[in-house]
Amino acid sequence: MNNRRMLPLIIVGVIAFFVLLGISSSLFFTVNATQRAVVFYKFGDGLDKDHIAQPGFHMKAPWNDVFVYDVQETSQDENMDVLDKSGLSIHVDISVRFKPIPEKIGYIYEKFNVDYINVLVVPEVRSTVRQVMGRFTAEEIYSTKRAEVEATIKEESEKILHANNVTMVALLIKSIQLPDQIRIAIESKLQQQQEALAYQFRLDKEKSEAERKRIAAEGEARANNIVNSSLSDKLLKMRGIEATLELSKSPNSKIVIVGSSKDGLPLILGNN
C-alpha cells in the first residue's frame, strides 16, 4: 500500500530531475581562467556593464543572457595592398597583438557585440596602416624608415583601440612586397650607398693616418730643433771634460792629453 502511495512521488521526482537537468544550462554557467562574462537582465536593468563575472561557477535566472569574452592576448594577421606617398602599390603582411580590458567587456559588448575583433580591431588597424603608409615613399617603407612606419602605425592604432577599451600589445610588419623593378632599383641604390660609405670610410681613415704622421713628424722636428739649439760648444766641452774625469777614475792605465783633440776636448790614448 505504501509503495503505491510513493510511486507518484517517485515519478514526479524523476520528472523534476530531468526537467532540472534540461534547464541547468539556463541556470548555471562557468567562466574559465582566461575569460570574463557580462550578464544581460531582460526583466531588470539590462546589460550590467559594471559587474563582470570572474572565473568560476555562477548561477543566473533562465531568462537572462550571458556573454563570455576571452581576455587573454590574441594575435591577428592581416594581408593587404596599400598605396605609398606617390601612389605605388605595396603588399604588406601585418601582425597585431591585442586583448580586451577585462573590466570593460560590458562597454565593448554595448558598442561592438561579442565579435569586436572583426567589428573594431581589424577595420581600425587596416585603416591606420593605409593612412600611415600613404605618408611615406616605397623606398622609405621598404628600407630607411621601416621602423618609424611600424612605430607610427602602432601608436595611432593604440590610441583608437584604447579609447574603445582594447589594449594594443604589439604591431609588426612581417613582410613588404614591392613590384620587382622597384625593389631591384631600391636594392641597387642601397648597395651603391653602402659602397660609397665604405669608400668614404677608407678615405677618412687614410686622411687620419696622414694627419697623425704629419703631427708626429712636426713634433720630432721641433724636438730636434730644441736639442740642436741647446748644444753649444762650451756645453759640449764641459760634458766632454766631465766624461774624461769619470774615465780617469778607472783602474785601467791610459794616457789623457788635455786639449789635444780638434775641438779642444781631452784626448784619451790607449787602454790596457
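# Asking how we know

Visitor: What follows α5?

Guide: In this predicted model, α5 is followed by N165, and the phi of N165 is positive, near 70 degrees.

Visitor: How do you know that the length of α5 agrees with its number of residues?

Guide: The helix has 18 residues, and at 1.5 Å a residue it should span 26 Å. The expected span is 1.5 Å times one less than the number of residues. The end C-alpha atoms of α5 are 26 Å apart, so the two values agree.

Visitor: Which residues of α5 are buried, and how do you know that they are on the same side?

Guide: V149, T152, I153, S157 and L161 are buried in α5. Around the axis they cover an arc of only 155 degrees, which puts them on the same side of the helix.

Visitor: Which residues touch the most other members of the largest nonpolar core?

Guide: V92, Y116, V129 and M133 do, in a core of 38 residues. At least two residues each come from β5, β6, β7, α2, α3, α4, α5 and β8. Helix α3 gives the most, with nine residues. There is also a second, separate core of five residues, which includes F29, V31, A37 and A53.

Visitor: What does V92 touch?

Guide: Leaving out residues up to four places away in sequence, V92 touches E78, N79, M80, V82, V129, M133, S175 and I176.

Visitor: How many aromatic pairs are there, and why is the pair of F43 and W63 called edge-to-face?

Guide: The structure holds five aromatic pairs. In the pair of F43 and W63, the centres are 6.1 Å apart and the planes are at 65 degrees. F43 lies in the loop between β2 and β3 and W63 in the loop between β4 and β5, so the pair ties together parts that are 20 residues apart in sequence.

Visitor: Why is F43 called exposed and W63 partly exposed?

Guide: F43 has a relative accessible area of 69%, and exposed means over 50%. W63 has 46%, which lies between the 20% limit for buried and the 50% limit for exposed.

Visitor: What makes the pair of F98 and Y116 edge-to-face?

Guide: Their ring centres are 6.4 Å apart and their planes stand at 90 degrees, so the pair is edge-to-face. F98 is in strand β7 and Y116 in helix α3, 18 residues apart, and the pair links these distant parts of the chain. Y69, F98 and Y116 form one aromatic cluster.

Visitor: Why do F98 and Y116 count as buried?

Guide: Buried means under 20% relative accessible area. F98 is at 0% and Y116 is at 4%, so each counts as buried.

Visitor: What makes β3 and β5 edge strands?

Guide: Three strands form an open, antiparallel sheet in the order β3-β2-β5. β3 and β5 each pair on one side only, and this makes them the edge strands. Between β2 and β3 the antiparallel pairing runs over two bridges, and F40 stands opposite L47 in β3.

Terms used: Residues numbered from 1 in each chain as written. Predicted model: local features only at pLDDT ≥ 70, side-chain atom pairs only at ≥ 80, totals over all residues. Heavy atoms only, no water. Core = buried A, V, L, I, M, F, W, Y, C linked by side-chain atoms within 4.5 Å. Buried < 20%, exposed > 50% of the residue type's maximum accessible area, 1.4 Å probe, protein only. Helix = DSSP H or I, 4+ residues; strand = E, 2+ residues; numbered from the N terminus. Contact = heavy atoms within 4.5 Å. Arc of directions from axis to C-beta. Phe/Tyr/Trp six-rings, centres within 6.5 Å; stacked < 30°, edge-to-face > 60°. Pairing = 2+ DSSP bridges.
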